[in-house]
Amino acid sequence: MTVNSEFKRRLLARERLMGAFIKTPHPIVIEIMGGSGLDFLVLDGEHAPFERANIDTCMIAARAIGCPVVVRVPDNTQSTILAALDSGAAGVVVPHVNSVAQAEALAKSMHYVSGGRGFAGTTRAADYAKRKLPEHKAQARDEVCLFVQIEDMEGYAIRDQIAAVENVDALFIGRGDLAVDSGYDDFFAKEVGEMTDNILACKDAITGLYCAPGEPIDRWEKSGSSYFVIGSEHTLMTQGVNQMLADID
């Protein structure tokens, strides 16, 4: 079993998984964070300066340290998703998924089906031609995960239908954008919390969310969350420095 297939097995089994966003496009950050005890990392290609070459070198570091890495892509085009998967990503997080048709198209782009993921046998994902087409086609389905992000009122309204799309592996809640789109200024507003509870309770869906470092997660686990993205290396560094200075004082 590969690192990526073991990650997908654990995700689908609803094991508690703890991850963090990575905002700095450098492989040393992956080495450090990947060896920290976290279950997975998320390269934030939506809000940080990740280009294809950066993602590729980060994936080399991830493979060396044995840590599954998913990519939050900046858009939902097939070419963007293909680049992340060919680099060896354990999956993609797609922002602003607001329709069943969009979720269906995304699910198709993840897999080797007609009109779906394009095949190339010399990628890292295919072990640089060590896997032949039938073997890679058979294994790849178990090595990639599709996380669709629910962070708009439009997507929130049809969350159950989106979750029911075949090969959508998990819902990921973006509370910040959900707050903004619903007219609230507070990430922790009661109304945003209630919407989050409703998404986490989606029938038969694997669900997770971003949490701020130090935020209690037991409430969200009770609502149904099984995986968490907690902070980023930026927030963890800032908190570490603040704590160090506080300890000196």
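Where is the place of Met-244? Met-244 sits in helix H12, residues 233-248.

1. A word on the model first. This is a predicted model, in which local features need pLDDT of at least 70 and side-chain atom pairs count only at pLDDT 80 or more, while totals for chains, interfaces and linings use all residues. Residues are numbered from 1 along each chain as its sequence is written, and side-chain values use heavy atoms, with hydrogens and water left out.

2. Back to Met-244, which is partly exposed at 46% relative accessible area (buried means under 20%, exposed over 50%, partly exposed in between, with a 1.4 Å probe and protein chains only). Helices (H or I, at least four residues) and strands (E, at least two) are DSSP runs, numbered from the N terminus.

3. Now look at helix H1, residues 3-12, where Asn-4, Ser-5, Phe-7, Lys-8 and Leu-11 are buried. Viewed down the H1 axis, these buried residues fall within an arc of 155°, so they line one face of the helix (the arc is that of the directions from the helix axis to the C-beta atoms). Just after H1, Arg-14 has a positive phi of about 60°.

4. Strand E6 is covered on both faces: Ala-170 and Phe-172 are buried on one side, Leu-171 and Ile-173 on the other. E5 and E6 run parallel and are joined by four bridges (two strands pair if DSSP finds at least two bridges between them). Ile-173 in E6 is the bridge partner of Ile-150.

5. E6 also runs parallel to strand E7, residues 207-211, with three bridges joining them. Here Gly-208 in E7 is the bridge partner of Phe-172.
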